[in-house]
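Trainee: I have a new model to go through. Can we start with the fold and then turn to the ligand?

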Amino acid sequence: MKIRFRFIPLLALAILALLFAMWAGLLRLGWRIPSIPNLALAHGPLMVSGFLGVLIPLERAVAIRKKWMYASPIAAGVGWVSLLFAPTAGAILMTFGSVVALLILLVMVRREPVVHTITMAIGVLSWMIGNILWTLGFPIAQLVHWWIGFFILTIGGERLELSRVLRPTRQQTRIFSGLVVALLGGAILAMFNDNGGARLSGAATLALALWFLKNDLAARNIHHPNPLTRYIAYCLFLGFIWLGIGGALQLIFGAGYAGPIYDAMLHTIFVGFVISMIFGHSPIIFPAILGVPINYYPSFYIHFALLHASLLLRVAADLTNQVELRRVGGLLNEVAIVLFLAMTVYSVVKHK
Ligand code: HEM
């Protein structure tokens, strides 16, 4: 198989956003390192709409092969670069990227109107609403439930698609749909009553994590004879556990605005769930975009173990208010991500 070089610039733009976002993350943790204007405040949007807002629509556009669809990752990519120099223009471009991403999902729903495509479409709608509110100047702490919904429903929809063999019963599908409504209800409520909204969103997140732990293939595949399937299952399983912990923290503490509890509530989900899912899905995502398979190496467990151990350290430090340990935990989260990137590149190049 040959590498599809034409998608490398957009993939590189997504990875570059991740690197800038991690730089900004270190600044937000209090590491004294050089900075550029607007960078620290851009951390959340760079991660959500710069990195994943390019990567996720790019994967869809490559799969469906309609030229107009590339407008989504291109706008989000140009948007995150603009954000560092002209924040308003950057926010508008990234929001435009999410509008086009919603159109892509609507095409998918029209072709195949089933639970998983509808779930992913609601996920992108959630991202778009979050982006519009952010462009209008709402504080991130208030709208972040929309961005969380983007990830839970995009990844959740993808899991529903991939584990179709399990075929949730009608009753389980009804429960799932009710929880999605509750999740969105929480994001809406947070616009008027931040504590009530965060608690509703947290309860729905916790229940969705339990739903996936019960119904997803992940828990069963932990004992699978194929080592890659087993590795993916561990990533998914721990991802759902972190999602549940994030939901429980929101349920217990209510709304956060800044500081250690806010950090724990967000990153149990953003790092524990989202990044772990990326580790697990990378053998599917990257080959889909680049056209080459990713070989499995037992050393994948190094970045996997480091990510989860360092997040445990970070969250424990957050909950006990130990600033230094939190700083180290956050830094090690990033080391795990950089190791993962290096391992993925090695796997692709080695194959070639
Ligand atoms: C990988 C290592 C990461 C580090 C070191 C990091 C660090 C931070 C820090 C220190 C904060 C501020 C928390 C506070 O107020 O005390 C923050 C906020 C935030 N992070 Fe991260 N983060 C990381 C990963 C991620 C990821 C993967 C995402 C999304 C996918 C993300 C999205 C956000 C968002 C949306 C906020 C809120 C921003 C705001 O309120 O302005 N972070 N992060």
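Trainee: What share of the contacts in the protein chain with a separation of 6 or more is between residues 24 or more positions apart?

Mentor: Keep in mind that this is a predicted model. Take the contacts in the protein chain with a separation of 6 or more. Residues 24 or more positions apart account for a share of 68%.

Trainee: How many helices and how many strands does the protein chain have?

Mentor: Read the elements from the N terminus on: α-α-α-α-α-α-α-α-α-α-α-α-α. The count is 13 helices and 0 strands.

Trainee: What radius of gyration does the protein chain have, and why does it agree with a compact globule?

Mentor: The C-alpha trace spans about 50 × 45 × 40 Å along its principal axes. A compact globule of 352 residues would have a radius of gyration near 20 Å, so the chain's value agrees. That value is 19 Å.

Trainee: What percentage of the residues counts as buried?

Mentor: Buried here takes 20 or more other C-beta atoms within 10 Å of a residue's own. Of the 352 residues in the protein chain, the buried part is 51%.

Trainee: Which helix gives the most to the shell around the ligand?

Mentor: The ligand is surrounded by 25 residues, with G25, R28, G44, F270 and G330 the closest. At least two shell residues each come from α1 (8–29), α2 (43–64), α6 (140–162), α11 (260–290) and α13 (323–351). The top contributor, with 8 residues, is α11.

Trainee: How many residues of the shell around the ligand are nonpolar, polar and charged?

Mentor: Sort the shell by class.

Definitions and conventions:
Residues are numbered from 1 along each chain as its sequence is written. This is a predicted model: local features need pLDDT of at least 70, side-chain atom pairs count only at pLDDT 80 or more; totals for chains, interfaces and linings use all residues. A residue is near a molecule or strand if its C-beta atom, placed from the backbone, lies within 6 Å of it. Helices (H or I, at least four residues) and strands (E, at least two) are DSSP runs, numbered from the N terminus. Ala, Val, Leu, Ile, Met, Phe, Trp, Tyr, Cys and Pro count as nonpolar, Asp, Glu, Lys and Arg as charged, and the others, Gly among them, as polar. The radius of gyration is taken over C-alpha atoms; the globule rule is 2.2 Å times the number of residues to the power 0.38. A residue is buried if 20 or more other C-beta atoms lie within 10 Å of its own, exposed if 12 or fewer, and partly exposed in between; C-beta atoms are placed from the backbone. Two residues are in contact if their C-beta atoms, placed from the backbone, lie within 7 Å.
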